[in-house]
Amino acid sequence: MVLKGLQQMIIYQSIAEVRGKLRHPVATIGNFDGVHLGHREIFKRVRELAKKAGGVSVVVTFAPHPLQVLAPERGVKLITSPREKAALIEASGIDYLLEIPFDAAFAALSAGEFVERVLVGTLGIEHLVIGYDYAFGKGREGDVTLLRELGGRFGYTVELLPAVANGDTVYSSTKVRELVTRGDVKGVVEVLGRHYFISGTVVHGQHRGRGLGFPTANLETDDDLLPEVGVYAVKVRIGTELYDGACNIGSNPTFQNERVTLEVFLFNFDGDLYGKEVSVFFLDRLRGERRFPSLDELKAAIAADVARCREILKDAAIVEYHDAE
């Protein structure tokens, strides 16, 4: 099935869906988890070269992430779901996205077979842009040296982009995961180029928040990567509207829960959220999770957290990708 994006990007969800070679395609290949600022520089260069050639820009990626198939024991946490990743790539101004289903059989393909079958035989690439540290194919043999050698045989050129960094901080998906995992949702904006968000569906919880005077929306999400447990100042998108709020991620140790949950208290909102899709944007972390000896102390702490969140969010705006730079 070929999907049409919200703007102009066309999404192919398998190699078989590409029904003919594209017009003077300039492509890049990678996992692009998170679509951080380093990825955006690659996409920008792909667009520039495609425009110069009178052709189209193409991103080739994989679902699921290859490490989830080849090394599940590593437990890699994805920054973005495939749907979120596609939306962010589209916002980067790319014309075509090819999402290749990744399994053990596909992983057994050599880099040469992949280039000949997919990049050349299916897409008809004329130019390939790759990041400084990317390699693919069985045994990661598809590095820049091999790609240029194959380019001489099949008639495409290769451009290797250097690392994108701010001082000593190299923009990478690993860095994003590190920052989010430790709760540095302010610092991650520098690498992601946007505020980190989690999307999900509002479900019924224990309804304890209402009894404490702070009714919360409990979020059920398929997103892998949760920030460190604690309290956060957030903005929440419901439909087209944004609301300020305070978010707690944790197991509610005062009530001796075991399961980690994500719940949000929305300011100035009155309505039924059950079953609705929402996105939670993390702007700042206030504190870690604590166990309180009494409900009165818990209520006082929540009131203080809410007051701090209101102050933090008063003049704050979320940063997100809207369109190509």
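Residues are numbered from 1 along each chain as its sequence is written, and side-chain values use heavy atoms, with hydrogens and water left out.

As for confidence, pLDDT is the predictor's own score for each residue, from 0 to 100. The protein chain has a mean of 89, and 91% of its residues reach 70 or more. Residues 1-6 are another story: pLDDT stays under 50 there, and the model has 15 contacts for them beyond four places in sequence, with contact meaning heavy atoms within 4.5 Å. Where pLDDT is low, the predicted coordinates should not be read in detail.

Back to the domains. The assignment, which is automatic or from a database, gives domain 1 (10-166) and domain 2 (192-314). The contact takes 13 residues from domain 1 and nine residues from domain 2. The C-alpha centres of the two domains lie 37 Å apart. Between them, domain 1 and domain 2 bury about 840 Å², 55% of it on carbon and sulfur atoms; that is the accessible area (1.4 Å probe) that two parts lose on being put together, summed over both. On the domain 1 side, K77, I79 and E84 supply 49% of the area buried against domain 2, more than any other three residues.

E84 also belongs to helix α3, where it is among the buried residues, along with K85, A86, L88, I89, E90 and A91. Buried means under 20% relative accessible area, exposed over 50%, and partly exposed in between (1.4 Å probe, protein chains only). Helices (H or I, at least four residues) and strands (E, at least two) are DSSP runs, numbered from the N terminus. Helix α3 covers residues 82-91, and seven of its ten residues are buried. Those buried residues pack against β2, α1, β4, β5 (96-101) and β10. After α3 comes G93, with a positive phi near 85°.

Now for the backbone. Most residues other than glycine have a negative phi, and most peptide bonds are trans. H24, in the loop between β2 (10-12) and β3 (26-29), has a positive phi near 40°. H24 counts as partly exposed because its relative accessibility is 37%. F32, in the loop between β3 and α1 (37-53), has a positive phi near 55°. At a relative accessible area of 5%, F32 is buried. The peptide bond from A63 to P64 is cis, with omega near 0°, and P64 sits in the loop between β4 (57-63) and α2 (66-70).

Last stop: H195, in the loop between α8 (189-192) and β10 (197-203). Its relative accessibility is 9%, so H195 counts as buried. Leaving aside neighbours within four places in sequence, H195 is in contact with V189, F281, F282, L283, A317, I318 and V319.

Notes. Predicted model: local features only at pLDDT ≥ 70, side-chain atom pairs only at ≥ 80, totals over all residues.
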